[in-house]
4 protein chains.
Amino acid sequence: MTSLRPTRADRFSFGLWTVGWQARDPFGDGTRPAIDPVETVHRLAELGAYGVTFHDDDLIPFGSDEAARQHHVKRFRAALEETGLVVPMATTNLFFHPVFKDGALTSNDRSIRRYALRKVMRNLDLAAEFGASTYVFWGGREGSEVDAAKDVRSALDRYREGLDTLAQYVIDRGYGLRFALEPKPNEPRGDILLPTIGHALAFISTLEHSEMVGLNPEVGHEQMSNLNFVHGISQALWQGKLFHIDLNGQHGPKFDQDLVFGHGDLISAFGLVDLLEHGGPGGGPAYDGPRHFDYKPLRTEDLDDVWRSAAANMRTYLLLKERAAAFRADPEVLEALVAARVPELAVPTLADGETYADLLADRSAFEDFDADAAAVEGCHFGRVDQLAIEHLMGAR
Amino acid sequence: MTSLRPTRADRFSFGLWTVGWQARDPFGDGTRPAIDPVETVHRLAELGAYGVTFHDDDLIPFGSDEAARQHHVKRFRAALEETGLVVPMATTNLFFHPVFKDGALTSNDRSIRRYALRKVMRNLDLAAEFGASTYVFWGGREGSEVDAAKDVRSALDRYREGLDTLAQYVIDRGYGLRFALEPKPNEPRGDILLPTIGHALAFISTLEHSEMVGLNPEVGHEQMSNLNFVHGISQALWQGKLFHIDLNGQHGPKFDQDLVFGHGDLISAFGLVDLLEHGGPGGGPAYDGPRHFDYKPLRTEDLDDVWRSAAANMRTYLLLKERAAAFRADPEVLEALVAARVPELAVPTLADGETYADLLADRSAFEDFDADAAAVEGCHFGRVDQLAIEHLMGAR
Amino acid sequence: MTSLRPTRADRFSFGLWTVGWQARDPFGDGTRPAIDPVETVHRLAELGAYGVTFHDDDLIPFGSDEAARQHHVKRFRAALEETGLVVPMATTNLFFHPVFKDGALTSNDRSIRRYALRKVMRNLDLAAEFGASTYVFWGGREGSEVDAAKDVRSALDRYREGLDTLAQYVIDRGYGLRFALEPKPNEPRGDILLPTIGHALAFISTLEHSEMVGLNPEVGHEQMSNLNFVHGISQALWQGKLFHIDLNGQHGPKFDQDLVFGHGDLISAFGLVDLLEHGGPGGGPAYDGPRHFDYKPLRTEDLDDVWRSAAANMRTYLLLKERAAAFRADPEVLEALVAARVPELAVPTLADGETYADLLADRSAFEDFDADAAAVEGCHFGRVDQLAIEHLMGAR
Amino acid sequence: MTSLRPTRADRFSFGLWTVGWQARDPFGDGTRPAIDPVETVHRLAELGAYGVTFHDDDLIPFGSDEAARQHHVKRFRAALEETGLVVPMATTNLFFHPVFKDGALTSNDRSIRRYALRKVMRNLDLAAEFGASTYVFWGGREGSEVDAAKDVRSALDRYREGLDTLAQYVIDRGYGLRFALEPKPNEPRGDILLPTIGHALAFISTLEHSEMVGLNPEVGHEQMSNLNFVHGISQALWQGKLFHIDLNGQHGPKFDQDLVFGHGDLISAFGLVDLLEHGGPGGGPAYDGPRHFDYKPLRTEDLDDVWRSAAANMRTYLLLKERAAAFRADPEVLEALVAARVPELAVPTLADGETYADLLADRSAFEDFDADAAAVEGCHFGRVDQLAIEHLMGAR
């Protein structure tokens with residue numbers, strides 16, 4: 001049985017902005033005080049997390065002078081050293097300040113694009129200094145509300161130019177950072193560029209240093225388009241591009257809820273943990289990076305609730321991991337998967353060395369194939385679903 | 001003024017299955033008789049279309065023997081010759097017969113995958129015979145309802161294997177066909193693989209002959225995920241992958257409606273036609289392939305209504321084209337676009353020859369950049385939207 | 001511990017059309033043979049169901065003559081007698097035949113409206129004969145795709161006229177049937193009238209015999225609009241109108257999936273069972289009618305899978321019931337609910353006998369109320385959510 | 001031809017909070033300065049509006065003392081007198097202050113419910129003082145994220161108690177105000193009570209003074225659930241409950257966009273204006289209240305753009321009104337509507353004096369009715385849709 005107490009080996013991490021969200025929303029003022037990042041580091045460490053992540057402006061308020069900047073960095077570093085927490089990832093805030101209202105790397109205003117590049121470069125230095133291995137780009141303002149006012153093809157040109165430039169910078173400096181793009185379909189813009197895992201993967205294939213650019217998909221962002229997150233992560237893994245992941249919860253197409261992981265579509269969360277933990281060759285982990293929670297404690301909650309919610313993310317993950325392990329170990333499940341021919345999909349359609357010419361010559365494949373007879377056999381998928389749900393419910 | 005009478009130069013095409021849909025739906029029986037493909041060819045020609053497209057089974061009923069097959073082909077060819085209609089595209093029905101209930105190229109059952117490959121190859125021969133230049137793959141059954149019963153990474157392996165095999169076949173035979181994948185998020189499967197333009201583009205980048213594989217995006221399919229179709233087509237064009245297009249209408253995330261083009265999100269349809277017709281360099285067409293209508297006449301309609309609806313698709317397209325031309329020619333629009341800095345996005349962020357080191361040295365870009373001041377300026381996008389809508393409404 | 005073997009006391013029922021669905025969908029042919037209703041009765045009885053329900057045409061094929069009709073009825077009755085199964089509900093098929101393509105009670109064609117009324121009346125006789133207590137109206141074709149072609153206010157007039165007429169018929173005949181309207185937002189029509197629980201409740205308030213008309217809400221139908229089903233059922237109960245319920249599963253806004261109960265949004269299913277079973281005064285059942293499964297076995301499945309899926313519906317319900325019982329009995333849950341002030345909402349806002357004048361005179365309510373101080377207190381809702389999920393997962 | 005210059009006879013009104021929105025969103029800071037309500041009154045008057053509306057806190061900042069309150073009221077009144085603008089509607093801000101984080105009339109905390117009632121009563125006095133005839137209740141915080149932490153039936157008890165109390169207050173004071181509830185499905189709460197027009201109508205039927213309570217539906221709110229707004233307004237009119245209306249634009253299920261009216265689903269906006277302006281008996285207006293714009297100027301815009309966007313709302317409405325008038329006057333439209341049997345739906349299904357017994361005796365209605373023959377006739381709805389769209393586009 002998996003322990004339900006998080007340890008550093010579980011690689012759980014949180015953004016400063018998650019527990020630190022003051023709960024200002026489009027219709028209401030903040031309900032909670034700010035939390036000192038140093039306190040966050042200590043609390044997360046106590047709860048069993050191994051990492052903390054940040055936007056530049058989470059750590060160093062926008063507009064700080066150099067002395068203030070050094071002060072913030074120093075205090076944060078001390079907290080990391082005291083607790084042993086690491087910084088696996090960092091990112092840039094290119095969305096809060098009004099200057100980014102039409103985007104950063106794809107703003108129609110060239111001077112803002114240049115400013116954005118510089119803001120990223122400055123924080124890349126800091127990310128490297130803290131030993132981060134992943135640098136996330138969430139282009140929340142890269143988008144539009146008015147089709148005719150944004151030339152999307154030029155925007156993609158500029159997006160590519162920006163990322164190519166920044167990748168070169170990272171390479172030349174020897175920072176060892178990989179980039180991870182985070183797709184989202186909308187909010188705060190009416191439509192955001194690279195709205196899904198797919199669009200971002202496609203875009204990456206066009207980059208100069210595409211090998212160092214992957215994804216940071218977020219559960220809720222894909223579910224805002226009612227897309228299957230397990231399928232999306234599967235494609236990202238298949239393309240070797242799952243560099244980082246944002247775990248949270250969402251109830252379908254509506255505003256971005258950022259619920260605690262599992263507090264949305266629980267069956268999908270089970271499938272996701274099963275994939276991450278047991279989807280690799282031989283049943284080992286398919287993903288070995290941080291399990292990063294990008295959630296918001298409910299606006300109704302107080303500070304004690306905040307820390308309780310942080311713990312709930314990790315506990316739910318560990319529960320799902322335990323359930324998935326039992327599912328994979330259950331002989332009846334193995335039998336049901338075979339009955340559903342799930343392993344047969346790993347067998348190539350053409351035999352080893354077989355060509356299309358051979359296939360054309362194989363009368364059993366077509367001329368003598370009885371489609372009606374083949375159609376009669378059931379796939380027995382429902383049984384697999386029920387077994388999964390019973391394992392999820394701890395009922396087997 | 002654009003003529004509102006379709007001509008062959010407009011390159012309008014229809015699938016046999018569109019006007020020919022007998023209006024059987026999940027809760028009801030068909031309401032219309034079958035239409036002889038020969039009649040369809042004649043009627044479409046009279047209405048001003050230039051092309052007709054088909055699934056193998058639209059033309060030659062599933063299970064026909066060779067004699068019947070030749071008979072159907074011959075009659076169809078004669079109709080094409082009489083009317084001058086062309087066959088710009090063909091595709092395979094890999095979804096209707098129960099044998100494909102778990103997919104074709106990605107069925108868990110290997111024998112079905114082999115059968116599907118052969119069914120495609122047979123129809124590739126016919127497509128080439130009819131001079132088609134595009135061959136569409138809509139993988140409507142390639143998907144799942146139960147996450148644990150479909151290994152998506154293996155499925156993508158098989159999907160790739162299938163397409164690589166078929167591409168090699170087409171190359172070796174010298175058919176000159178290009179493949180166009182058609183994404184759809186769901187229906188008939190609970191979740192379909194390659195659910196959006198983005199996912200399909202990403203997948204294509206992994207194919208052996210990726211240069212001959214592009215997209216056939218459908219308006220309604222992207223809108224079923226509430227994604228911006230104009231943005232999606234822009235990315236497809238940007239990646240050089242808009243090989244074909246399916247025009248129709250949809251009212252957001254619900255079952256696949258396949259309405260007449262424009263009879264859904266009209267503003268988006270305007271943006272789309274504007275992009276296709278005036279989005280190229282110098283303002284010319286950004287896409288020169290067929291304008292293919294993949295719609296279904298409402299189930300309430302009779303045969304006369306069917307042909308009326310076919311005409312409505314073309315007329316709406318031409319009206320939108322006319323409105324878009326006026327929009328692009330309006331000096332106030334040009335002025336508004338400049339005020340919104342739309343053309344400025346085409347200017348590279350770095351100057352010609354400028355490196356990131358130069359950018360770092362440019363104090364005006366960051367140290368001396370006044371973000372607060374830059375944030376004050378309005379983008380004036382709403383004015384562009386209003387101008388577009390007034391042109392769409394013929395009010396300017 | 002609740003037994004996970006269904007018994008008649010659990011009041012589980014199924015429609016003939018559910019297990020009997022031949023799996024024809026908009027893009028594919030049926031994959032399963034028809035099942036004789038007599039066999040269905042026997043199989044359901046063996047599985048532990050207590051009831052079976054039907055549309056007229058499920059039992060007696062459309063167009064049967066009187067002799068055939070009597071034959072079908074007789075065989076079915078015999079099966080009921082042999083098994084002890086009851087018919088708690090019946091309904092009319094007003095959607096499959098092409099004559100209903102524009103609706104039944106609200107068809108623009110008056111002769112079709114008259115025909116529909118007669119078809120209902122005939123089946124009301126049969127429903128009464130079989131001892132049903134509920135008669136469902138799902139107006140799947142009452143709707144439109146074209147706003148200007150359906151005068152919705154006239155349609156609602158006709159809908160009301162039809163239901164008033166049929167209610168009078170039932171009253172005069174002394175059938176003891178209550179009507180239950182089943183809302184759905186779309187599919188098969190582009191938009192269906194009375195699209196949600198709310199719209200149907202509102203409409204009912206205008207009926208002549210509104211006291212005998214309530215609702216038959218379906219899980220998936222509300223979730224197709226991404227509405228909270230537990231909230232909807234709560235309002236229906238609050239208005240005394242939960243006459244019947246259709247249990248199944250759905251993955252958000254897309255085509256109507258009719259999955260096995262629980263195989264969609266599992267957390268919502270838990271909340272629903274908790275409400276139905278423990279939401280009454282004193283914690284008893286809030287609803288004592290049939291637990292009716294209106295689902296479709298996946299199209300990929302064979303007949304054995306069909307019966308397995310029927311059992312899965314009941315087993316999942318019983319598992320959820322067991323989990324909900326444990327949740328309600330857990331002292332920590334009770335404590336958490338009190339901390340979240342959940343019971344305080346049952347306390348009237350004005351004290352017994354207090355008037356608004358008294359409230360105006362109460363300075364503590366406003367003048368001396370410290371809103372900022374009151375805002376500081378946390379609601380502790382996240383803790384309740386986590387406890388619910390852990391109970392759902394059998395982890396406490 | 002309708003004039004496209006707004007006049008007071010058009011009854012256009014705007015909320016102070018619309019043009020005054022400073023464009024703070026969940027991911028970004030405000031981009032525009034506050035606007036003095038006095039300036040808003042003057043600018044709206046110049047643009048041709050007839051009315052202005054407000055939340056208490058729009059006019060008088062939360063926490064103002066009595067002197068400040070009087071000062072704000074006096075200045076505002078003077079502006080109204082100078083310009084002739086009226087205040088047709090007012091409402092209460094029960095969502096911004098953190099004290100309302102779990103709701104106002106349905107907060108789990110009774111003292112907050114009492115405070116909320118008092119806050120409303122105070123502003124009812126002011127609304128009456130300004131001569132408003134409608135008082136809107138948007139319960140944006142009345143809802144939940146956690147099913148088990150909100151007893152919805154108790155919440156509806158408290159909601160009813162609150163509205164009954166406030167209605168009595170208004171009656172006793174002789175204020176002549178009617179209440180209008182504004183439904184919304186979600187945002188800022190995960191799920192909001194009374195999520196749609198239907199749910200709110202149903203709830204109203206349970207109120208003590210239900211005759212004085214109606215609806216204030218908002219275009220975007222219904223479209224966030226992908227519901228047909230024209231259908232919803234039709235039902236509200238049919239039930240005599242369209243007391244007020246909020247016009248804006250939305251692109252389907254996503255965050256609340258509050259776009260300019262028409263800048264979302266333009267075809268639906270056409271249908272709506274057609275209904276409001278020409279849907280009454282004899283073709284006159286079906287609704288004679290204010291045409292109230294509840295929109296937000298895009299966050300990218302500056303103050304000049306703000307006023308331009310206010311004008312755009314009115315201009316789009318007037319353009320649609322003109323197009324709808326032409327549509328209704330077109331003989332071909334009339335002919336098409338008759339062919340589609342639209343007027344026939346206004347004919348009762350039973351003849352004058354006919355009973356169900358007469359219907360049962362009418363063999364032509366059933367026994368001799370040829371359903372197959374009746375099913376053949378087409379409904380010709382597509383033609384109506386195309387005519388509507390061509391009129392909308394000014395193409396006829």
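The structure is a predicted model, in which local features need pLDDT of at least 70 and side-chain atom pairs count only at pLDDT 80 or more, whereas totals for chains, interfaces and linings use all residues. Residues are numbered from 1 along each chain as its sequence is written, chains are lettered from A and ligands numbered from 1 in the order in which they are written, and side-chain values use heavy atoms, with hydrogens and water left out.

Chain A contains 15 helices and ten strands, these being DSSP runs numbered from the N terminus (helices: H or I, at least four residues; strands: E, at least two). Its radius of gyration is 23 Å, close to the 21 Å given by the globule rule for 396 residues, so chain A is as compact as a globular protein of that length. The radius is taken over C-alpha atoms, and the rule is 2.2 Å times the number of residues to the power 0.38. Along the principal axes, the C-alpha atoms of chain A fill a box of roughly 80 × 50 × 40 Å. Contact denotes heavy atoms within 4.5 Å; among contacts in chain A between residues at least 6 apart in sequence, 76% join residues at least 24 apart.

The surface of chain A was also examined. Chain A exposes about 11,900 Å², of which carbon and sulfur atoms supply 52%; accessible areas come from the Shrake-Rupley method with a 1.4 Å probe, and for residues only the protein chains shown count as cover. Chain A carries 40 positive and 60 negative charges, whose mean positions are 7 Å apart. Lys and Arg count as positive and Asp and Glu as negative, while His and the chain ends are not counted; each charge is placed at NZ of Lys, CZ of Arg, CG of Asp or CD of Glu.

Chain C is superposed on chain D by a rotation of 180° with 0.0 Å of shift along its axis (RMSD 0.0 Å). The two copies are thus related as by a two-fold rotation axis. The same surface serves both copies, as 100% of the contact residues of chain C recur in chain D. Superposition was by least squares on the C-alpha atoms of residues with pLDDT of at least 70 in both copies.

Within chain D, D:Leu124 lies in helix H5 (residues 110–129) and is buried, its relative accessible area being 0%. Beyond its neighbours within four places in sequence, D:Leu124 is in contact with residues including D:Tyr135, D:Leu166, D:Val170 and D:Phe179. The C-alpha atoms of D:Leu124 and D:Glu142, which are 18 residues apart along the chain, are separated by 20 Å.

Several backbone features were also identified. A cis peptide bond joins A:Glu187 and A:Pro188, with omega about 10°; A:Pro188 is placed in the loop between strand S6 (178–182) and strand S7 (191–192) of chain A. In chain C, the peptide bond from C:Glu187 to C:Pro188 is cis, with omega near 15°.

D:Arg11, a residue other than glycine, has a positive phi near 60°. D:Arg11 belongs to the segment before strand S1 (12–15) of chain D and is partly exposed, with a relative accessible area of 31%. For D:His380, phi is near 60°, again a positive value in a residue other than glycine. D:His380 occupies the loop between helix H14 (371–376) and helix H15 (381–392) of chain D and is buried, with a relative accessible area of 18%.

Note on methods. Buried < 20%, exposed > 50% of the residue type's maximum accessible area, 1.4 Å probe, protein only.
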